[in-house]
Amino acid sequence: MTGGGAAAAAREANSRCYGDGRATLAYVDDPYHAVRRRLIGAALLDAVDDLDAGDGPGGPAGALLELGAGARSIFDSLPGLRRPTVVADLSWPALTELTAGRHRPVRLDVTRPLPLADQSVAGVVAAELIEHLYHPGALLAEIARVLRPGGALVLSTPNLATLQDRIRFLLGRSPRQVDPMHRYLHLHIRPFTAQMLRRMLRAAGFVDVSIRSNYVGVQVGRGRWLQSRLLARLFPGLGGSLVASARRPW
């Protein structure tokens, strides 16, 4: 299969899994993902506060854009946002599940150039998206292009090197994120560690890169986990989800 054919097959597989929005709605309220989404929201609010402080002539005025929003936007939990919000996804059915009238919906394919002008948005959210792409660096370059100087990017992605998966690897078992038989993890093409995520963001020209995480967990039985928010704050590189914030240079 050619590179283009593989990318098309990946898009089709993701559309089958997430296209109608039900798969997203089935997990976003789970405590694990709820904490991840709160971290994204907090990082975005911090970035927006900085943007608002710097607004003015030449400042980063503009909308906030969420890529791969699915059926539940991060913006829905941030009612105090004063900027226009745009939500984008490959699937119209998923977008129709979003809160009506609160955001402008746009259907687009993130594997292609974003249909936005240079330096046209103030902030971008991309939650659980880059691991589904063959060329995540190309998307990061596009995000850098459409962000205004000083604009912020907040993204999340599953961590390849969680504490539990480091233990798995020592025991000769594969990390979860590279399981080709998992019912949805097989859709994850490019798993990241915290170190690799920092490298990718800096290579795309971003600065002020910081990483947070939701939980550090260890499995203690079938379906049973010990999870710690404190360890995630202290050692985000061991956590389950990586939440990265970064900024385009002024």
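Reader: What is the volume of the second largest pocket?

Author: In this predicted model, the second largest pocket has a volume of about 160 Å³.

Reader: Which residues lie nearest its centre?

Author: Look for Ala34, Arg37, Arg38, Arg72 and Ser77, which lie nearest the centre of the second largest pocket. They belong to a lining of 13 residues. Sorted by class, that lining has five charged, five nonpolar and three polar residues.

Reader: Now the aromatic rings, please. How many aromatic pairs does the structure hold?

Author: The general idea is that a pair of aromatic rings is described by the distance of the centres and the angle of the planes. This structure holds one aromatic pair. The ring centres of tyrosine 32 and tyrosine 215 are 6.2 Å apart and their planes stand at 20 degrees, so the pair is stacked. Planes under 30 degrees apart count as stacked.

Reader: Where in the chain do the two tyrosines sit?

Author: Tyrosine 32 is in helix α3 (residues 31-54), while tyrosine 215 is in the loop between β6 (207-213) and β7 (216-221). They are 183 residues apart, and the pair links distant parts of the chain.

Reader: Is tyrosine 215 buried or exposed?

Author: Tyrosine 215 counts as buried, because its relative accessibility is 15% and the cut-off for buried is under 20%. Tyrosine 32, at 22%, counts as partly exposed.

Reader: Let us turn to salt bridges. How many does a search of the whole structure find?

Author: The search finds eight salt bridges. One of them joins the side chains of arginine 36 and glutamate 128, with an N to O distance of 3.8 Å. Arginine 36 lies in helix α3 and glutamate 128 in the loop between β4 and α5, so this pair ties together parts that are 92 residues apart in sequence. Both arginine 36 and glutamate 128 are buried.

Reader: And which residue forms a salt bridge with aspartate 118?

Author: That is arginine 145, and the closest N and O atoms of the two are 2.7 Å apart. Aspartate 118 lies in the loop between β3 and β4, and arginine 145 lies in helix α5, so the pair ties together parts that are 27 residues apart in sequence. Aspartate 118 is exposed, with a relative accessible area of 52%, whereas arginine 145 is partly exposed at 24%.

Reader: Which residues do salt bridges with shared partners join into one network?

Author: The network consists of Asp118, Glu142 and Arg145.

Reader: Helix α5 has come up already. Which of its residues are buried?

Author: Helix α5 covers residues 136-146, and its buried residues are Pro136, Leu139, Leu140, Glu142, Ile143, Ala144 and Val146.

Reader: Can we look inside strand β5? What does glycine 150 touch?

Author: Leaving aside residues up to four places away in sequence, glycine 150 touches Leu51, Arg247, Arg248, Pro249 and Trp250. This glycine is in strand β5 and counts as buried, because its relative accessibility is 0%. The C-alpha atoms of glycine 150 and alanine 122 are separated by 7.8 Å, and the two residues are 28 residues apart along the chain.

Methods
Residues numbered from 1 in each chain as written. Predicted model: local features only at pLDDT ≥ 70, side-chain atom pairs only at ≥ 80, totals over all residues. Heavy atoms only, no water. 1 Å grid on protein atoms, 1.4 Å probe; cavity = no way out; pocket = protein on both sides within 12 Å on 5 of 7 lines; lining within 4 Å. Points joined across faces, edges and corners; volume = space filled by probe spheres on them. Nonpolar A, V, L, I, M, F, W, Y, C, P; charged D, E, K, R; others polar. Buried < 20%, exposed > 50% of the residue type's maximum accessible area, 1.4 Å probe, protein only. Helix = DSSP H or I, 4+ residues; strand = E, 2+ residues; numbered from the N terminus. Phe/Tyr/Trp six-rings, centres within 6.5 Å; stacked < 30°, edge-to-face > 60°. Salt bridge = Lys/Arg side-chain N within 4 Å of Asp/Glu carboxyl O. Contact = heavy atoms within 4.5 Å.
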